[in-house]
Amino acid sequence: MALSSERLFDSLGHFGRFQACVYFASVFQAMSCGIHYLASVFMAVTPNFVCGFPGNVSSVLFHNSSASSIEDTWTLWTSTENYIVVQLENGEIWELDQCSRSKREVSLDLAYEYEGNKSVFPCSDGFLYDDTKWKSTVVTQWDLVCDREWLAKLIQPTFMLGVLIGAVIFGDIADRLGRQRVIWFTSAGQFVFGIAVAFTFDYYSFVIVRFLLAMVSSGYLVVAFVYVTEFVGIKARTWASMHVHAFFAMGIMIVALVGFLVRTWWVYQIFLSIATLPFVLCCWMLPETPFWLLSAERYEEAQKVIDTMARWNKVSTPCEVSELCSVQQDDLASGRMGDDATSSAKKHNILDLFCNWQIARRTITVWLIWFTGSLGYYVFSLSSVSLGGNEYLNLFLIGAVELPCYIIACVAMDKLGRRNTLIPFLILSALICVLIMFIPQDFNILIILANMAGKFSIGVAFGLIYLYTAELYPTIVRTLAVGSGSMMCRVGSVVAPFCVYLRSVWIFMPLLLVGIMALLSGILTIMLPETLGKPLTNTLVEATEMGRNKKSYSENTPPEHSGAALEKIEMFGQERVSTDK
C-alpha cells in the first residue's frame with residue numbers, strides 16, 4: 001500500500017483541512033480511553049474503616065481523645081492497626097478493629113487500654129467508613145474489605161484483561177468489516193457501557209460491565225490509530241499517530257479533575273462517561289478510509305471519499321482510483337517476484353523469532369522492553385494517588401507530563417537514533433526509581449516531581465518501541481514481531497495493578513521491580529543494532545547480519561535507498577502503534 005498511499009497524499013496533501021478534521025474528531029474520543037483505563041484509581045478507593053457495632057453509641061474514645069460520634073475520630077486515624085473504643089447506650093464497651101470487634105467482659109470505666117477478658121466477634125453488622133473524602137466508592141458500596149478485599153484488587157486487572165481481549169477481537173473485525181463500523185460501535189459502546197457501570201446492582205455485574213467497557217475502549221484505541229494513519233500522509237504520520245497518546249493522557253487529567261469535583265462513585269462514573277458524548281453524536285459522519293475500501297474492491301465509494309478530501313483540501317484535480325489501483329498492482333507484482341518463492345516455501349510462525357541466537361536475543365530484549373514500558377507506565381500512573389499530598393493534583397500532573405514526552409520521543413528518535421534514545425531513557429527511569437527510595441517520605445513535593453520524571457522517561461521509551469521493533473525484524477516476520485511485542489505490553493498492563501498492591505508488603509516494592517526491569521532492559525538494548533537510516537531487511541539472514549556486523553551492514557547500504565525504506569517502515573510502525581496502551 002505504501003506507493004499507492006503516497007501517490008494519493010502527494011495529490012491531496014499529507015495533512016490538509018479534511019485530514020485535520022477527521023484526525024481531531026477521532027483522537028478526541030481517545031480521551032475516553034484514558035478516562036476509563038484510569039477511572040478505578042478513585043472509584044475503587046478504600047477509605048478508613050472499622051467494624052460496625054450492635055446498638056446506639058453514647059461515647060467514643062480514640063487514644064486520649066473522646067468524641068460523641070465515630071465520624072469525629074477519622075481525622076485522628078493514622079494506621080490500620082488503630083482501633084476505636086465505643087460505649088453503647090446499654091453500657092456495653094466494644095473495641096472496633098478493621099476486621100473484627102471485641103466486647104469487653106468487664107464494663108466499668110471507659111478507657112482506651114484494657115487488659116481484661118474480651119469476646120471477639122466478626123463484623124456481622126457491616127462496617128463504618130470514613131466518608132470525609134469520598135461519600136461512596138465501590139468498596140464501601142459492597143463492603144470489599146477484609147476477607148473480600150481481594151475482590152477490590154481484581155477490579156483493575158480484570159479491566160486490563162478486557163483491554164487485551166478487546167484489542168485482538170476488534171482489530172480483526174476492523175480488517176474484515178472496515179474501520180468506520182468498528183469506530184461507530186466502540187465509541188457508542190464506551191458511552192453505553194460507561195453509563196451502565198454506574199447502575200450495576202452488585203460487584204459481579206459491575207466487573208462484567210467494566211470488562212465489556214474495557215473491550216470496546218481498547219477496540220476503539222486500536223482502530224483509531226489505524227484509522228488516522230490511513231488518512232495522514234507520511235510527512236505528518238509520525239507526529240500525528242504519536243500524539244494520539246497525548247489525548248489519552250488528557251483523559252487521565254480529566255479523571256483527576258472529575259474525581260476532585262465528584263465524590264460519589266456512580267455519579268463520578270456518569271460524568272466521566274458523558275465527557276466525550278459530543279463525539280458519539282457525530283461519529284456517524286466519519287467516512288471509511290479509502291485504502292480499506294480499495295482493499296474491499298469498493299471502488300466507487302473510495303472515489304467518493306477521495307473527491308470529498310479533494311474538495312475540503314481545495315485540490316482541483318484529485319487522484320483517480322484507477323491510478324491508485326494500477327500503482328498498487330505494479331507494486332504487488334514486483335513484490336511477488338521476490339517474495340513468492342520464500343512465502344510459498346515456508347509459512348512463518350512465532351518460532352522464527354528464535355531461529356538463531358542473534359534473533360532470539362533480540363526478541364527477548366524487545367519483549368522485555370514492551371513489558372517494562374507498559375509495567376512502568378501503569379505503575380507510575382496507578383500509584384500516583386498514594387504519593388501523599390493532593391492525590392487529584394498528583395494524577396493530573398502524571399497525565400500532564402506525558403504531553404511533552406511524545407514531542408521529545410519524536411525529535412530524539414529521528415536525531416539521535418532509536419537505540420540511542422531508548423537506552424538513556426530506560427536507564428534514567430531505573431535511576432529515578434532508585435532515587436525515589438532515598439527521598440524522605442515527608443518531602444512530598446520532591447517525591448511527586450521524581451515520579452513525574454520517572455513517568456516522563458518511561459513514556460519516551462514506551463512511545464518509540466513499536467517503531468523500533470518494526471525496524472529490527474525482516475519483512476517475513478515483522479507482523480509477528482510487532483504483534484507478539486504488543487501482547488507482552490498487555491501482559492505488563494495486567495501485571496501492573498498487582499505490582500502496585502505490593503506497596504502493602506514494602507512501600508518501594510513496585511518501584512524496585514520497575515527499576516530492575518528498566519535497568520535490565522536498558523543494558524540489553526545496548527546489544528541491539530541501530531536502525532536509523534537503515535533499509536528494510538527482507539530475510540532473517542539480512543536481519544541477523546545487521547546485528548552481527550553493524551558497521552559493514554551500514555556501509556553496504558546505498559544511501560539513496562535508506563530514506564525510502566525508512567519511510568515504508570515508519571508507515572508500518574505507525575499502523576501498529578495501536579498496540580502501545
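Tutor: Start with T372 and S521, whose side chains are joined by a polar contact of 3.1 Å. A polar contact here is a pair of N or O atoms within 3.5 Å; within protein, one must be able to donate a hydrogen and the other to accept it, and residues adjacent in sequence count only if both atoms are side-chain atoms. The model is predicted, so local features need pLDDT of at least 70 and side-chain atom pairs count only at pLDDT 80 or more, while totals for chains, interfaces and linings use all residues. Residues are numbered from 1 along each chain as its sequence is written, and side-chain values use heavy atoms, with hydrogens and water left out.

T372 belongs to helix α16, residues 357-382. Helices (H or I, at least four residues) and strands (E, at least two) are DSSP runs, numbered from the N terminus. T372 is buried, at 1% relative accessibility. The cut-offs are under 20% relative accessible area for buried, over 50% for exposed, and partly exposed in between (1.4 Å probe, protein chains only). Leaving out residues up to four places away in sequence, T372 touches I458, M517, A518 and S521. Contact means heavy atoms within 4.5 Å.

Now the aromatic side chains. Y377 and Y378 join Y37, F159, F248 and F462 in a cluster linked by ring pairs. Rings of Phe, Tyr and Trp (its six-membered ring) pair if their centres lie within 6.5 Å; planes under 30 degrees apart count as stacked, over 60 as edge-to-face and the rest as tilted. Y377 also carries a charge over its ring: the charged end of K455 sits 4.5 Å from the ring centre. That label requires NZ of Lys or CZ of Arg within 6 Å of the ring centre and within 35 degrees of the ring normal.

Across the whole structure, 29 aromatic pairs are found. Take F18 and F231: the centres are 5.8 Å apart and the planes lie at 55°, so this pair is tilted. F18 is in helix α2, F231 in the loop between α8 and α9 (234-242); the pair therefore ties together parts 213 residues apart in sequence. Both F18 and F231 are buried. W94 and F121 are also tilted, because their ring centres are 5.5 Å apart and their planes are at 50°. W94 lies in strand β5 and F121 in strand β7, so parts 27 residues apart in sequence are tied together. W94 is buried at 5% relative accessibility, whereas F121 is partly exposed at 34%.

Next, the cysteines. A search of the whole structure gives two disulfides. A disulfide is a pair of cysteine sulfur atoms within 2.5 Å. In one, C51 and C123 have their sulfur atoms 1.5 Å apart. The link of C51 and C123 is left-handed, with -55° about the S-S bond. It connects distant parts of the chain, 72 residues apart: C51 in strand β1 (residues 49-51) and C123 in the loop between β7 (118-121) and β8 (127-129). C51 is buried at 0% relative accessible area. C123 also counts as buried, at 15%.

The other disulfide joins C99 to C146, S to S 1.9 Å. This link of C99 and C146 is left-handed too, at -95° about the S-S bond. Again distant parts are linked, 47 residues apart: C99 in the loop between β5 (93-96) and β6 (101-104), C146 in the loop between α4 and α5 (149-153). C99 is partly exposed at 43%, and C146 is partly exposed at 21%. Counting bonded cysteines along the chain, the pattern is 1-3, 2-4.

One more helix deserves a look. In α11, residues 265-273, the buried residues are W265, Y268, Q269, I270, L272 and S273. Their cover includes α2 (17-38), α3 (40-43), α4 (138-141), α7 (179-198), α8 (203-229) and α10 (244-261).

Finally, confidence. Mean pLDDT for the chain is 82, and 87% of its residues reach 70 or more. pLDDT is the predictor's confidence in each residue, from 0 to 100. Residues 334-345 stay under 50, and the model has two contacts for them beyond four places in sequence. Residues 550-579 also stay under 50, with 70 such contacts.
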